[in-house]
Amino acid sequence: NFFSVYKARDKVLNRLVAVKVLSPEYASNPEFAKEFISSLQKASELNHPNIAKVLDADEYHSPNYIATEYVHGISLKERIKRTGPLSPAFAVEITIAVAQALAYAHKHSIVHGDVKPDNIITGHEGVVKLTDFGVVNALEQFPDMRESAILNSVHYASPEVLRGEQAIPASDVYSLGVV
């Protein structure tokens with residue numbers, strides 16, 4: 001996993017945030033850590049109700065971290081593990097929300113590249129948020145790290161991503177279809 005995730009309080013704005021600290025395995029390569037955080041910072045430009053907002057990132061100090069909007073809920077993976085199969089209506093709601101988030105990101109020339117149940121947060125009152133935009137972009141320059149990361153997503157990755165090619169908008173659509 002790329003991060004250790006912590007729930008924290010932003011003392012300035014008095015709100016809950018998710019603080020994601022880059023794991024030592026990835027942070028030990030300063031070039032990768034800088035590219036990784038920089039890729040995630042690009043996602044901070046995205047402002048959509050179904051995308052977890054990136055609030056802050058630090059590529060210059062150790063540990064490298066990114067702060068995002070805190071979504072009160074659990075990942076789709078965890079939800080399915082706890083409750084079993086989703087009702088068709090709820091599955092459609094989630095799919096539409098993620099598809100809208102991806103369409104918005106693609107309009108802004110940002111490809112997610114790692115759509116999977118772990119990166120879809122489902123919360124109260126139908127809240128659905130897609131997280132971790134930009135992770136795959138950072139990995140493109142680091143083939144060794146890319147291969148191990150793809151193994152974590154192999155069931156959801158598009159054929160072109162599995163071949164080592166760059167993720168494109170169609171890759172995200174393919175992965176959402178598998179989800």
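Which element gives the most to the lining of the second largest pocket? In this predicted model, helix H2 takes that place, with three residues.

**Nonpolar cores**

- The largest nonpolar core contains 35 residues. Within this core, the residues with the most contacts are Phe2, Phe32, Phe36, Leu46, Val98 and Phe133.
- At least two residues of this core come from each of the following elements: helix H2 (30-42), strand E3 (54-58), helix H4 (88-107), strand E7 (128-130) and helix H5 (135-139).
- H4 gives the most to this core, namely seven residues.
- When neighbours within four places in sequence are left aside, Val98 is in contact with Val115, Ile120, Val128, Leu130 and Leu176.
- Another core, of five residues, lies apart from the largest one. Among its members are Val111, Ala157, Val161 and Ala167.

**Strands E3 and E4**

- Strands E3 and E4 pair in the antiparallel sense, over four bridges.
- Ala57 stands opposite Ile66, a residue of E4.
- The two strands, E3 and E4, form a hairpin with six residues between them.

**The loop residue Asn64**

- Asn64 is placed in the loop between E3 and E4.
- Is Asn64 buried or exposed? Asn64 counts as buried because its relative accessible area is 8%, where the cut-off for buried is under 20%.
- If residues up to four places away in sequence are not counted, Asn64 touches Lys20, Val21, Leu22, Ala27, Ala33, Ile37, Asp58 and Glu59.

- Strand E5 covers residues 73-75 and includes Ile74.
- E5 and E6 run antiparallel and are joined by three bridges. In this pairing, Ile74 stands opposite Thr122 of E6.
- Leaving aside neighbours within four places in sequence, Ile74 is in contact with Arg79, Arg82, Ile120, Ile121 and Thr122.
- Ile74 and Tyr156 are 82 residues apart in sequence, and their C-alpha atoms are 19 Å apart in space.
- In a regular strand, side chains alternate between the two faces of the sheet.
- In strand E6 (residues 120-123), Ile120 and Thr122 point one way, while Ile121 and Gly123 point the other way. All of these residues are buried.
- E6 also pairs with E7 in the antiparallel sense, over three bridges. Here Ile120 stands opposite Leu130 of E7.
- E6 and E7 form a hairpin with four residues between them. Glu125, in the turn, has a positive phi of about 55°.

**The largest pocket**

- Empty space is shown by rolling a probe the size of a water molecule over the atoms.
- The volume of the largest pocket is about 790 Å³.
- How many residues line the largest pocket? Its lining has 29 residues, and those nearest the centre are Val5, Ser75, Asp118, Ile121 and Asp132.
- Strand E1 (3-10), strand E2 (15-22), strand E4 (65-69), E5 and helix H3 (76-83) each supply at least two lining residues.
- E1 provides the largest share of this lining, four residues.
- Sorted by class, the lining of the largest pocket has 12 nonpolar, eight polar and nine charged residues.

**The second largest pocket**

- The second largest pocket holds about 180 Å³ of space.
- Its lining consists of Glu35, Ser39, Lys42, Ala43, Ser109, Ile110, Val111, Gly134, Asn137, Glu140, Gln166 and Ala167.

**Cavities**

- Two cavities of 30 Å³ or more are found in a search of the whole structure.
- The second largest cavity has a volume of about 80 Å³.
- This second largest cavity is lined by 13 residues, of which Val54, Thr68, Thr131, Asp132 and Phe133 are the closest to its centre.
- Nine nonpolar, two polar and two charged residues make up the lining of the second largest cavity.
- Asp132 is named both among the residues nearest the centre of the largest pocket and among those closest to the centre of the second largest cavity.
- Phe133, also close to the centre of that cavity, is one of the residues with the most contacts inside the largest nonpolar core.

Notes. Residues are numbered from 1 along each chain as its sequence is written. This is a predicted model: local features need pLDDT of at least 70, side-chain atom pairs count only at pLDDT 80 or more; totals for chains, interfaces and linings use all residues. Side-chain values use heavy atoms; hydrogens and water are left out. A nonpolar core is a set of buried Ala, Val, Leu, Ile, Met, Phe, Trp, Tyr and Cys residues joined through side-chain atoms within 4.5 Å. Buried means under 20% relative accessible area, exposed over 50%, partly exposed in between (1.4 Å probe, protein chains only). Contact means heavy atoms within 4.5 Å. On a 1 Å grid over the protein atoms alone, a cavity is a set of points where a 1.4 Å probe fits but cannot get out, and a pocket is an open set with protein on both sides within 12 Å along at least five of seven lines; lining residues have an atom within 4 Å of a point. Grid points are joined across faces, edges and corners, and a volume is the space filled by probe spheres set on the points. Ala, Val, Leu, Ile, Met, Phe, Trp, Tyr, Cys and Pro count as nonpolar, Asp, Glu, Lys and Arg as charged, and the others, Gly among them, as polar. Two strands pair if DSSP finds at least two bridges between them.
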